[in-house]
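I opened this entry to keep a record of what I looked up and in which order.

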Amino acid sequence: MARELFINQWFTDAMCEAGERLITKLDESNAQVVAAFWFLEPEKNWELNIVSPLVGSEGPRKYYKRINDVYDGLSDDESIVSLHDIRVSNIHNRVVDALKHSVLYKANLKNNRLGRNFIDGFYIEDMYLYRIEWDMLSKLSNLNQVA
């Protein structure tokens, strides 16, 4: 199995690359990633957040299994993010919701670092955003409101 990265207070290139590799592999497996970002909780370490409607429909346990299955296909020399350092959520993620209610809504924020800001009353100490698929989130939110 691939080697797990050590995650600490400092955001590293290795973390960025391992997260990007995981997201790419999840996209290839049709895991419906609509948002992905590293988030630093104050007084804690970084967590890789993956937002998908499948977490809501299948449950988080099955989604973590999807991630584990992706890891099984990686070579031993590739670095990975430990499942312990990954948080999965449905489309109602608190960070995404804060960004959705801010001036950043619909902005192209791919591969961007945000931090030390209050956004819609929510404090973001530091984060690295791979992407947010605003159109997909809007469609899914509208579907949930109709149902």
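Why is strand 7 largely enclosed by the rest of the structure? I found that nine of the eleven residues of strand 7 are buried, so this strand is largely enclosed. I took buried to mean under 20% relative accessible area, exposed over 50%, and partly exposed in between, with a 1.4 Å probe and protein chains only. Helices (H or I, at least four residues) and strands (E, at least two) are DSSP runs, numbered from the N terminus.

I note the ground rules before going further: the model is predicted, local features need pLDDT of at least 70, side-chain atom pairs count only at pLDDT 80 or more, and totals for chains, interfaces and linings use all residues. Residues are numbered from 1 along each chain as its sequence is written, and side-chain values use heavy atoms, with hydrogens and water left out.

**Strand pairing**

I then asked which strands pair, where a pair needs at least two bridges found by DSSP between the two strands. Strand 7 (residues 122-132) runs antiparallel to strand 2, and six bridges join them; in this pairing Ala 35 stands opposite Ile 132. Strand 6 is joined to strand 7 by seven bridges, again antiparallel, and Leu 114 has Met 127 as its bridge partner. The hairpin of strand 6 and strand 7 has two residues between the strands, and Asp 120 there takes a positive phi near 55°.

On strand 2 I recorded six antiparallel bridges to strand 3 (residues 46-51), with Glu 47 as the bridge partner of Phe 39. Five residues lie between strand 2 and strand 3 in their hairpin, and Glu 43 in the turn has a positive phi of about 70°.

I also checked the burial of strand 2 (residues 35-40), where six of the six residues are buried. In a regular strand the side chains alternate between the two faces of the sheet. Here both faces are covered, with Ala 35, Phe 37 and Phe 39 buried on one side and Ala 36, Trp 38 and Leu 40 buried on the other.

**Nonpolar cores**

I looked next for nonpolar cores, meaning sets of buried Ala, Val, Leu, Ile, Met, Phe, Trp, Tyr and Cys residues joined through side-chain atoms within 4.5 Å. The largest has 30 residues, and those touching the most other members are Leu 22, Leu 26, Trp 38, Ile 50, Tyr 63, Ile 67 and Ile 86. Among the elements that each supply at least two residues of this core are helix 1 (13-28), strand 2, helix 3 (60-72) and strand 7. Helix 1 gives the largest share, six residues. Another core, of 21 residues, lies apart from it and includes Ala 35, Ile 91, Val 95 and Met 127.

**Aromatic rings**

My search of the whole structure gave seven aromatic pairs, counting rings of Phe, Tyr and Trp (its six-membered ring) whose centres lie within 6.5 Å, with planes under 30 degrees apart as stacked, over 60 as edge-to-face and the rest as tilted. Phe 39 and Phe 122 are stacked, at 6.0 Å centre to centre and 25° between the planes. This pair links strand 2 to strand 7 across 83 residues. Phe 39 is buried at 3% relative accessible area, and Phe 122 counts as buried at 17%.

Phe 118 and Tyr 123 make a tilted pair, 5.0 Å centre to centre with 50° between the planes. I noted that Phe 118 counts as exposed at 64% relative accessibility, whereas Tyr 123, at 30%, counts as partly exposed.

**Pocket and cavity**

Last, I asked what lines the largest pocket. I worked on a 1 Å grid over the protein atoms alone: a cavity is a set of points where a 1.4 Å probe fits but cannot get out, a pocket is an open set with protein on both sides within 12 Å along at least five of seven lines, and lining residues have an atom within 4 Å of a point. The lining includes Trp 10, Phe 11, Leu 40, Trp 46, Arg 113 and Glu 125, and strand 6 gives the largest share, three residues.

The lining of the largest cavity includes Ala 18, Leu 22, Val 70 and Ile 80, with the largest share, four residues, from helix 1.
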